[in-house]
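Morning, everyone. I have one structure to walk through today. Have a look at it first, then we'll go through the contacts.

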Amino acid sequence: MITSLHLKTALMAYFRFRKQSLCCDEVGFAGGNSDILVDTGKEVIDIECKISKSDLKADIKKPKHEANKNQLSRY
């Protein structure tokens, strides 16, 4: 069974070693927290790892997703 740790490890390996980007996991900030945060040098990518539909539905209610609803950021 795939866990969120498997997903995080694979994503961080991809962005760090294939794309040569800076990565960190479990980053907290004013709008919430991020499973993985990637700095490509041109943009910052916030990645959430979800392994169940219920987890995804619960996460949508978080304040950091309001920016997407208001179209303040690309999502």
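Start with Ile 47. Leaving out residues up to four places away in sequence, Ile 47 touches Leu 11, Phe 15, Ser 34, Asp 35, Ile 36 and Val 38. Keep in mind that this is a predicted model.

The largest nonpolar core has 5 residues: Phe 15, Ile 36, Val 38, Ile 47 and Cys 49. As a general point, nonpolar side chains in soluble globular proteins tend to be buried together. Two members in numbers. Phe 15 has 13% relative accessibility, so it counts as buried. Cys 49 has 6%, and the cut-off for buried is under 20%, so Cys 49 is buried too.

Now Asp 35, another contact of Ile 47. Asp 35 sits in strand E2, residues 32-39. Buried or exposed? Buried, because its relative accessibility is 10%. And what does Asp 35 touch, again not counting residues up to four places away in sequence? The partners are Lys 8, Cys 24, Asp 25, Glu 26, Ile 47, Glu 48 and Cys 49.

Two cysteines are on that list, Cys 24 and Cys 49. Cys 24 has its nearest cysteine sulfur on Cys 23, 7.6 Å away. A disulfide needs the two sulfurs within 2.5 Å. Cys 24 has a relative accessible area of 34%, so it is partly exposed.

Back to Phe 15, this time for its ring. The structure holds 1 aromatic pair. The partners are Tyr 14 and Phe 15: centres 5.1 Å apart, planes at 80°, so edge-to-face. Tyr 14, at 37% relative accessibility, counts as partly exposed.

Next, helix H1. H1 covers residues 4-18, which is 15 residues. From first C-alpha to last, H1 reaches 20 Å, close to the 21 Å expected at 1.5 Å a residue. Just after H1, Gln 20 takes a positive phi of about 55°.

Zoom out to the whole chain. There are 3 helices and 3 strands. From the N terminus, the order is α-β-β-β-α-α. Of the 75 residues, 17% are buried. The chain exposes about 5,800 Å², and carbon and sulfur atoms supply 58% of that area.

Technical notes: Residues numbered from 1 in each chain as written. Predicted model: local features only at pLDDT ≥ 70, side-chain atom pairs only at ≥ 80, totals over all residues. Heavy atoms only, no water. Phe/Tyr/Trp six-rings, centres within 6.5 Å; stacked < 30°, edge-to-face > 60°. Buried < 20%, exposed > 50% of the residue type's maximum accessible area, 1.4 Å probe, protein only. Core = buried A, V, L, I, M, F, W, Y, C linked by side-chain atoms within 4.5 Å. Contact = heavy atoms within 4.5 Å. Helix = DSSP H or I, 4+ residues; strand = E, 2+ residues; numbered from the N terminus. Expected span 1.5 Å × (residues − 1). Areas by Shrake-Rupley, 256 points an atom, 1.4 Å probe, with all protein chains shown as cover.
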